[in-house]
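Please look over the following model together with its sequence.

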Amino acid sequence: MKIEAATAVQSRESNQPARTAGDLSDQQIREAEVPESARHAAGEIERHQQSGLAALDEAVRDQEAKVEERRKVLATIVRNRGIIHRGQDSFYGQSGTDEDQVAKNALQTYNDLQTQKMQLESQINS
């Protein structure tokens, strides 16, 4: 649109028929997009940066809203199912795997002690 408008202005000034973007070479397209003054160029750059920042801010807000929505859903599931969170940021402890390992070790020790007890009893009876 910008290029076609620039070529339409040029064609009116030179009394030539208006050209479309397909009629222009790459160099002519670049020249049509180049602002006329340094102040105008600075203004265009500033507007482009501001629009980029605004788009980025909007994307960040959308992602934050999605995260908050997912947190609410997770909290509801946790409440309904009675799930206890385990991990680094958990209120209940480091992790369930450490506690599982401790339980396995205790069971192994218990079984070893039972075996030793049975051996000692058999030695006493013999």
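L74 is exposed in this predicted model, with a relative accessible area of 52%, where exposed means over 50%, buried under 20% and partly exposed in between (1.4 Å probe, protein chains only). Local features need pLDDT of at least 70 and side-chain atom pairs pLDDT 80 or more, whereas totals for chains, interfaces and linings use all residues. Residues are numbered from 1 along each chain as its sequence is written, and side-chain values use heavy atoms, leaving out hydrogens and water.

**Surface patch**
- L74 belongs to helix 3, residues 38-81, helices being DSSP runs (H or I, at least four residues) and strands runs of E (at least two), numbered from the N terminus.
- Together with V73, I77, V78 and I83, L74 makes a nonpolar surface patch of about 410 Å².

**Salt bridges**
- Three salt bridges are present, each a side-chain nitrogen of Lys or Arg within 4 Å of a carboxyl oxygen of Asp or Glu.
- R47 and E44 are joined at 3.0 Å, N to O; R47 is exposed at 52%, and E44 partly exposed at 26%.
- R71 and E68 pair at 3.9 Å, N to O, and lie three residues apart in helix 3, about one turn of the helix.
- E69 bridges to R70, with the closest N and O atoms 4.0 Å apart.

**Overall make-up**
- The protein chain has four helices and zero strands.
- Of its 126 residues, 6% count as buried.

Conventions. Patches are made of residues with over 30% relative accessible area and no salt bridge: like charges are joined within 9 Å, nonpolar side chains (Val, Leu, Ile, Met, Phe, Trp, Tyr) within 5 Å. Accessible areas come from the Shrake-Rupley method with a 1.4 Å probe; for residues, only the protein chains shown count as cover.
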